[in-house]
Amino acid sequence: MGSLLVDDIGELVTNVAGTGDGSPLGLRRDAAVLIEDGRVAWVGPARYAPAADRRVDARGGAVLPGFVDSHAHLVFAGDRAAEFAARMAGEPYTGGGIRTTVGATRAASDGQLRATVHRLVGEALRQGTTTIETKSGYGLTVADEARSLRIAAEVTAETTFLGAHVVPAEYAGRPDDYVGLVCGPMLAAAAPYARWVDVFCERGAFDADHARAILTVGQAAGLGVRLHANQLGPGPGVQLGVELGAASVDHCTHLSDADVDALASTTMDRVSGPATTTVATLLPGAEFSTRSPYPDARRLLDAGVTVALATDCNPGSSYTSSMPFCVALAVREMRMTPAEAVWAATAGGARALRRDDVGVLRPGARADLIVLDAPSHLHLAYRPGVPLIRQVLHNGVPQCRS
Ligand SMILES: [Zn+2]
């Protein structure tokens, strides 16, 4: 493949704390990045850059690690534009529309599901997302959950078994029976294709006892734990996630002081480091698309909690694949600084997936870089809705320009 030098970088976001300007973004000026074999081989002042076979000229644009979208639901069929329109006309969001997508997904062919996943991963990549997690959860039968994860695993290593998304209609009034299915044959069929197990722990979905049962057997099968928690109201999800050592609890819109303290306690453990941190992953696209109050990011950050931003890309409550959109929302609506939001969308997402090879630009990291059509990361929030991603390098390979 040869070596590749990215130079004429206006501002380099490394996310290596203590280097560059000393901020968490580790900003460097007049820097260059050398890429070899899909990995970052060297980062330093442009005037000392080693020779390389090829060159990417950033033309004074900012260069950042590719976005790490740690929460998405990409395996589905159909859309719910009509439900969105009804909601914007005043109807509340309850999560019940998930069953609409379950019906369409079960009826779809493998080829249809695969086409949707590829379309959305490509759409995300053009917007700078170089690592994306995706969940099952619209099949809700043994065969449909297994095939959802099998198709997801074709495009990402970050696959999550979410058989406990909702109780499907055929199990109405029999949630214990459905949880038994999830913990038994469904998990067994899904686990070979999954890295993570997740539960929608919410009133109207799965309670703490059900969530604990599912997550515990998932852990025993070798899967890491993540959790949809405290989205629609207060609940036990966040503290259950912390108790089980979840990599991330996602949504975190309705939190008690005890929830925040529990999350902060996992970040305070500097000895163990990111390996034991439970990240609070905020999904502002969901609040935007359901016209709901945003999570209090400032409260989490001020308490020392590690925060990630992700899209929650799904056909019902957040049909966006755009991390720049989420960064802009986080800054404007959630009072995150632009630096905090950019960190959360890159390094924060990597922590939420317990990855140290993405979301960061240092020697050895995966060569996932985005070049902005702007001189600084600030422009991602300052110029919302503008397609600023000029170039994406994924595994060191320049992608087609958008
Ligand atoms: Zn979700």
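**Reading the calls: helix packing, zinc and burial**

Modeller: Helix α11 (residues 323-334) and helix α12 (residues 338-352) have axes that come within 9 Å and cross at roughly 140 degrees. This is a predicted model.

Biologist: Which residues of α11 and α12 meet?

Modeller: On α11, Met-323, Val-327, Ala-330 and Val-331. On α12, Pro-338, Ala-341, Val-342 and Ala-345. The crossing of α11 and α12 is right-handed.

Biologist: Which two values describe a pair of packed helices?

Modeller: The angle between the axes and the distance between the axes.

Biologist: Then take α4 and α5. Why is α4 called oblique to α5?

Modeller: Helix α4 (residues 142-152) and helix α5 (residues 175-190) cross at roughly 40 degrees. Roughly parallel needs an angle under 35 degrees, and roughly perpendicular starts at 65. The value falls between those classes, so α4 is oblique to α5. Their axes come within 8 Å.

Biologist: What makes the contact between α4 and α5?

Modeller: Val-142, Glu-145, Ala-146 and Leu-149 come from α4. Leu-181, Pro-185, Met-186, Ala-189 and Ala-190 come from α5. The handedness of this crossing is right-handed.

Biologist: And why is α3 called oblique to α4?

Modeller: α3 and α4 pack at an angle of about 45 degrees, with axes 10 Å apart. That angle is what makes α3 oblique to α4. This crossing is right-handed. Asp-110, Leu-113, Arg-114 and Val-117 of α3 meet Arg-147, Arg-150 and Ile-151 of α4.

Biologist: What makes α4 count as mostly covered?

Modeller: The residue count: 8 of its 11 residues are buried. They are Asp-144, Glu-145, Ala-146, Arg-147, Ser-148, Leu-149, Ile-151 and Ala-152.

Biologist: Which elements do the buried residues of α4 pack against?

Modeller: Three are helices: α2 (98-107), α3 (110-126) and α5. The others are strands β9 (134-135) and β10 (159-164).

Biologist: Now the metal. What coordinates the zinc ion?

Modeller: His-71, His-73 and His-228 each give NE2, and Asp-312 gives OD. These donors lie at 2.1 to 2.4 Å. Along the chain, the spacing is H-x1-H-x154-H-x83-D. Both His-71 and His-73 are buried.

Biologist: Why is the arrangement of the 4 donor atoms called irregular?

Modeller: The donor atoms subtend angles of 83 to 167 degrees. A tetrahedral call needs all angles between 85 and 135 degrees.

Biologist: On to single residues. How do you know that His-379 counts as buried?

Modeller: Its relative accessibility is 17%. Buried means under 20%. His-379 therefore counts as buried. This residue is found in helix α13 (residues 379-382). Beyond residues up to four places away in sequence, His-379 touches Ala-374 and Leu-388.

Biologist: What makes Val-217 partly exposed?

Modeller: Val-217 has a relative accessible area of 31%. Partly exposed lies between the buried limit of 20% and the exposed limit of 50%. So Val-217 is partly exposed. Its place is in helix α6 (residues 208-220). Leaving aside neighbours within four places in sequence, Val-217 contacts Cys-183 and Leu-187. Val-217 and Gly-184 are 33 residues apart in sequence, and 8.7 Å apart C-alpha to C-alpha.

Biologist: Is Gly-18 buried or exposed, and why?

Modeller: Exposed, because its relative accessible area is 66%. The exposed class begins over 50%. Gly-18 lies in the loop between β2 (11-12) and β3 (31-36). Gly-18 and Val-397 are 379 residues apart in sequence and 28 Å apart in space, C-alpha to C-alpha.

Biologist: Why does Arg-291 count as exposed?

Modeller: Its relative accessibility is 58%. Exposed means over 50%. So Arg-291 counts as exposed.

How values were computed: Residues are numbered from 1 along each chain as its sequence is written. This is a predicted model: local features need pLDDT of at least 70, side-chain atom pairs count only at pLDDT 80 or more; totals for chains, interfaces and linings use all residues. Side-chain values use heavy atoms; hydrogens and water are left out. Donors are N, O and S atoms within 2.8 Å of the metal (3.2 Å for Na, K and Ca); water is not among the atoms, so sites may look incomplete. Four donors count as tetrahedral if all angles lie between 85 and 135 degrees; four count as square planar and six as octahedral if opposite donors are over 155 degrees apart and all others between 65 and 115; anything else is irregular. Buried means under 20% relative accessible area, exposed over 50%, partly exposed in between (1.4 Å probe, protein chains only). Axes are lines fitted to C-alpha atoms, for helices over the stretch in contact, and angles run from 0 to 180 degrees between N-to-C directions. Helices (H or I, at least four residues) and strands (E, at least two) are DSSP runs, numbered from the N terminus. Angles under 35 degrees count as roughly parallel, over 145 as roughly antiparallel, 65 to 115 as roughly perpendicular and the rest as oblique. A crossing is left-handed if the near helix is turned anticlockwise from the far one by less than a right angle, and right-handed if clockwise. Contact means heavy atoms within 4.5 Å.
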